[in-house]
Amino acid sequence: MHEIDPIYKNHFGLGFYWRKEDTVVKHAVQIVFRDIGFYLTKKEIVYFSKLVTEAKRRSECSLSCQLDCCRSVLLKTPSQLVDLALNRKELEAVNDLLEGILFHIELREYIHKLSLN
């Protein structure tokens, strides 16, 4: 896997930068889960994370409900042409994936700034 620079992964998906000619291309992140791939900027990932939070809030059910019994929830994406149907477990996994990617991007940016000083 010399063509990618992994950022974060969980059991549901993976986020990474592409490499081109031994250079990491950092203007956008490839995010892959299920059979879907999104190529998003940091700003779009932040927006996507907010959309996941909204979908989780809309899908809240009674306390007696178990996560795997919940029906699919429509999740908007940063692409106006694409919405996804996910269950609560998948929403949680996507939330973890996006938050993990954002955390690691910001950590890398912070370390880079420290190394410049």
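How many bridges join β2 to strand β3, and in which direction do the two run? The points below take up this pair and the elements around it.

1. The model is predicted. In it, seven bridges join β2 to β3 (residues 23-33), and the two strands run antiparallel. Lys 20 stands opposite Thr 23 of β3. The hairpin of β2 and β3 has two residues between the strands, and Glu 21 in this hairpin takes a positive phi near 50°.

2. Ile 4 has Trp 18 of β2 opposite.

3. Taken together, the four strands form an open sheet in the order β1-β2-β3-β4, with antiparallel pairing. Its edge strands are β1 and β4 (36-40), each of which pairs on one side only. From one strand to the next, the twist averages 25°.

4. Helix α1 (residues 42-58) lies across β3 and β4, and runs at about 125° to β4. Helix α2 (residues 88-116) packs on the sheet, where α2 touches β1, β2 and β3. The direction of α2 makes about 125° with that of β1.

Methods
Residues are numbered from 1 along each chain as its sequence is written. This is a predicted model: local features need pLDDT of at least 70, side-chain atom pairs count only at pLDDT 80 or more; totals for chains, interfaces and linings use all residues. Side-chain values use heavy atoms; hydrogens and water are left out. Two strands pair if DSSP finds at least two bridges between them. Axes are lines fitted to C-alpha atoms, for helices over the stretch in contact, and angles run from 0 to 180 degrees between N-to-C directions. Contact means heavy atoms within 4.5 Å.
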